[in-house]
Amino acid sequence: MKKSNFSKYLLYKFKSHIGIFAASIVLSLVGFALSITLLGIYVSNISEYYDNSGNMLNFYPQWLNDLNMAIVIYGILGLAVSALGLLALAFITPILSFKFYNNRAFTDMIGSLPLNYTERFFGDFLSGLAAVCLPYLITVPYVCIMSGYVGSFGIEKIADLPANFSQGAFELGLIVFSTYTFSSLMVSLCGKISSSVFYTLAGAGLIPGTIFVYTLSSLSGLLGVSADVMAFGMVHWIPPVGLIPDFVYFWGDYFATMFEGYHIIEAQTYEYVVAAILAVAYAVGAYFVGKYRKTERIGRDLVYEKVFPVFAILLEALAIGVVFCVSGSVNFITYIFAAVLGFLCFIIIDLIHTKNTKRLLKDLIGCAAVCAVCLVFSGVSISTKGFGAEDYVPAAEDVAEIEVWGNQVFIAENKAFEYVDPDAIEGIIAEHKELLTQKDKLETGTGIEIRYTLKNGMSVLRSYSARNREDQWIIYGAAGRITSLTQKGDYPFGVLSMNSSEYSDLSFAGIIDYDEQVDSEHSYRITEKFMIKPEKTEEFKELMLNAQKYIAADKTMHRDIVNAYYTKDGERQSEMFFIFYEYEDVYNFIKDPENRITINDYEKDPMLSGNDKVVMSYSFSINIGNDRNYLRLNVTSDSEDPDVAELISLCSIDPTDCTYLIEARRTSSGYGNVFINKKDEARAVELILKLLGKSIASKE
Amino acid sequence: MIKLENVTKNFDGFIALDNVSFEIQKGSAYGLLGSNGAGKSTMLRILTGVYKADGGTVSIEGASIYDNASTKQKLIFISDETAQYSNMTLNQMRKFYKMFYPNFSDDIFSRLHALLGLPLNKKTSAFSKGMKRQAAVICAIAARPEYLFLDEAFDGLDPSMRIAVKKMMVEAMADSEMTVVISSHNLKEIEEFCDTVGMLHHGKMIFTRDLYELKGNIHKIQASFEKEPAKEDFPELDILLIEHNSGLTYIIAQGDAEKSLEAVKAKGPSFCDLIPLSLEEIFIYEMEALGYDKNQLDS
C-alpha cells in the first residue's frame, strides 16, 4: 500500500525523536514502573519501624543500611526523578518537534515539502507526543494491575500497592500530556527557542500563580478557611501547573508518616475532566495558532504581538499579589511596596521585549491601570475577609452534597461521611451556622471538616478545631448531631459509640496510661458484665458519656480508652479513641477496687476461652524496648519449647498488681492483653530473655 | 508555467514585495536578480509555499502553491540556509528527499555523488558550507522535480564546483524539462546559466526579460571625434548614456547594433568600434535608463 506523505512525515519525525523515545522508555518503565514495583513489594516491610505507640519513627539515615528501607527510599527517589524527567521531556519535545517555528533553515525545508498545514502540524505534534507518552501509556495499566485497581476484572493484586496509586499514575499522565500540549501552544506563539522556553515557563505559571496568590492573600487567617487548600483548589483545573501540587501531595500523603507530610488537597473527578479538556484545548489552540501564524515572523520573541500585554499584565498582577500574600495585611507600606514591585516587573519585561523606551511610556498607562485594579482588589478582598468568606455558609438549595470528616471526630472510620439527603444537608448547614456563633472558641483546624459540593460544581471547604481543650465539646457536639442525621456508611453508629450508640452496646473497654511506657503500662478492663460491679454501672455510664467532651486528637497527650467493643449484626466490633489526661474520672473510677468485681467473679468473655490463665492465646508478641524503638518477639502457644509453655502459664488476664503487658494475638480474630503478676515477674523476665536469646541465635 | 499577479508581501510595515507580476515559462532557467534586501528570498519563499502572499495570486500550472501539497509535490526549494541538514548524512538526505519525491533517481544521485565525491555517511555538520550546498543540490536534482528553486545557488562554491553544479543542472534541465529558478546577486552566475532574468529592487520587479534579447538590444560604441558630440547629435539613436573619457566617446544605445554603428560612423569619427557589454553593464545602463540611480542600485 502506498504511504501518504503524512505517514511518511510522521515516521520521519518520530525517528528524529528516537532519543526522546528512549529516554521516555527509561523514565516510564525502568524509572516509574520499577520504582512503583519496588515500593509495592517492600513498602509493607517498613512497619518494623513503628514505635511502641504505633507511630512511624522519623527518618534515620542508618535505615539506608537496611536493604528494605534503602530500596523503598530509592524507589521514592526513582519516582521523583522519573516524574521530573517525564515533565522535562514533555516541555522540551515540542520545541524540538516544531523546529519549523524557530529555525529558518527548517522553515524553508519543511515549509516547501509536499504537505499541507494540517499534515505537517499533526506530523510534528503526534510524533513528539508518541515519543514522550507512548512508554508511559504502558506504565499506567501496569500500575493499575499492580495496585489491584482492575481487580474487578478478575486481576489479582501482584504487589502490596494501594489502589489509589493508579490515581497517582493517571495524574502524572495528565500532567505530562498537558505539559506537552501547553508547550506546543506556546511554541506556536513564539519565534525563537529562547522565547519558547521563557514563555512556556511563564505562561504555565502566571495564570495559576496569580489566581493562587490572590486567593491565598484574600483568605489567609480567616476562621475555618484553609487558605492554602482553597488556593490550591482554585488552580486544580489549570493544567499542567495546577495539577502538580496535588500530585506531589498525593505521594506525600502515602508516605506521610515517613516524611511527616499531609495530603491537604485532592482534585475532584470533575476537575480532572476540566483539566483534560483544557489540555486538549491547548492542542487545538496550538493547531489554530500555527495555522494563522505568519511564517516570516520567525526569529521574533512572539509572532503574535498582541499576546505580550497579557504576559506583562499577569506578571505585574502576580508581583502585586505576592506582596499582599506575604504581608497579609493592607496598610500604606504594603500598597506602596506592591505598586513599586508591580511597576518594576512590568517595566523590566516591557523593556526586554520592546527594547523601546518610547513604547514603554505608552504602555505605562496600561500598567498603571492594572496596578490600580490589583491594589483595589487586594485591599477590598483582605479588608472584607475574602468578601465575607469567613461567615459564608452555602444555602441548602445550592448544595448537592456534603462531606464531613475530622481527625477528632471520625477516628474509628478515618474517612469522610457523605450526605446528599436534603434534610441532612439542612441539618449540617444549621450545625455549621451554630459553630459560627462560637467563633471565639474555635480556630482553623482539622477537628471537623465540612466540604460542600455545590450544584454548580464549586466546592466550599471549612475546617474547625476547638481553641482550648475544654471547648472540645463544641466540635464533638456538632459532630455527634451531624452523624445522627443519617445512618449512612459502614458504621451505623456514626462517630463513636461514646457519642451516638447506646451505652448498652459497650461490652468491653480498656485504658492504657501512656504516662508510663511499656514496662510499666497499666491496663484495665472495664465492662459492666465482668469488671464493674452491677450497682456501679449507672455511675460508670455517666462517666463514660461525659468523657466525650474530653476526647483528644493528640495521641501523645492522652490515655487510650481502647477496644471499646460493641456488637453489630451479631459480630463483635471495636474502635479506639483517646481521652485527655485532664479527664481522670473514668481512670480513677476504674482504679478504685471498690468499683470493680474481683477476678473470680467475672463472667467468661465469649471471646476468651479461659479465666486467669491464657489458654485462649495462640500467639504472643512480646515487646521490649525504650521509647524510641523496641524488639518484638513472636512466640506461639503451640510451640514445643518448654520455656514458651512456662511463660504462657505465668500469664494472666487479671491486671491487678501486674507489671508486664503482653499483647496476646489470636490467629483468627481479635486480640487482648495479658499480664504477668509481680510475683512471677523475675521468672517471666528470665524466660523472655531466654526466648529472645534463642530467637537471635536462630537468626544468626 | 509559474505565474504571479500583483503579488504583495508586507513585513509589519516594510513592503518586501510590491505588486509584483511576471511569468516563468516551463523549462526555462530563470535568474532572479537583485541586491541584498531586494526581495529575492521572499519571492522564492512565496513561490515555494513557505510564505503566504498578502495580496495577489501565485500559481504553478494554474494551481495555487501555498498549503497545496499536490502543487508542492512538483517543486523543491533549496534555500541559502544549510543548517537544516546538519544532523543528517548525505545518505540520510537522499532518503529524506526520496521519501517525499517518488521520482527520485538513485542512479542520478549516485552519478552526481561520484562526480562531487562527497562523503556519504558523514554528518553534514562536518561539511563546509559549499559541500552542504552541493549535497543539497545533488539531492534536489536527483529528486527530479518539475520546478527547482535555488536561493543563492552558487554561494560558497569554489569555481570548479560552480562549473560542476551548473553542468548538473543543465543536464537535468535537458533530461526532464525541469524549470529552474535561481536567485542571486551575482550577475555573472546568472548570465552563464539563465535564459530569462528578472530584476527586483526594493520589492518591485523592475523588469523581466529574455537574456539573449536583452543582450542583443543594448550595445556600446567607442568612437573618437574631433569635437565631443552630445546626445542630441544622434537623434536617430535610442541612447541610454553618452560619456567622454580621454578623448574617446562611449555611446550606450538600445536597438539594432549595426544600425547604431552606421549612425555613429555617419558623423565622421576618426575611430569607431562596437564593444561587447557584460550583463552587469547592461543592467546598470538598462536601469539607469529606467530612472534608477546606479549608486542606489548597489545599496
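Visitor: Which residue of strand 3 of chain A stands opposite Trp405(A)?
Guide: Trp405(A) faces Glu449(A) there. Strands here are DSSP runs of E, at least two residues, and helices are runs of H or I, at least four, numbered from the N terminus. This is a predicted model, where local features need pLDDT of at least 70 and side-chain atom pairs 80 or more, while totals for chains, interfaces and linings use all residues. Residues count from 1 along each chain as written, with chains lettered from A and ligands numbered from 1 in written order.

Visitor: How many bridges join strand 1 and strand 3 of chain A?
Guide: Strand 1 (residues 399-405) and strand 3 (residues 442-454) of chain A share 6 bridges, in the antiparallel sense. Pairing takes at least two DSSP bridges.

Visitor: And what order do the strands take in the sheet?
Guide: The open sheet of chain A has 4 strands, ordered 2-1-3-4, with antiparallel pairing. Strand 2 (417-419) and strand 4 (459-466) of chain A are the edges, each pairing on one side only.

Visitor: How many residues of each chain go into the contact?
Guide: Chain B gives 21 residues and chain A gives 20, counting backbone-placed C-beta atoms within 7 Å. On the chain B side, helix 2 (69-72), strand 6 (75-78) and helix 3 (90-100) each supply at least two residues.

Visitor: Which element of chain B has the largest share of that side?
Guide: Helix 3 of chain B, with 3 residues.

Methods:
Two residues are in contact if their C-beta atoms, placed from the backbone, lie within 7 Å.
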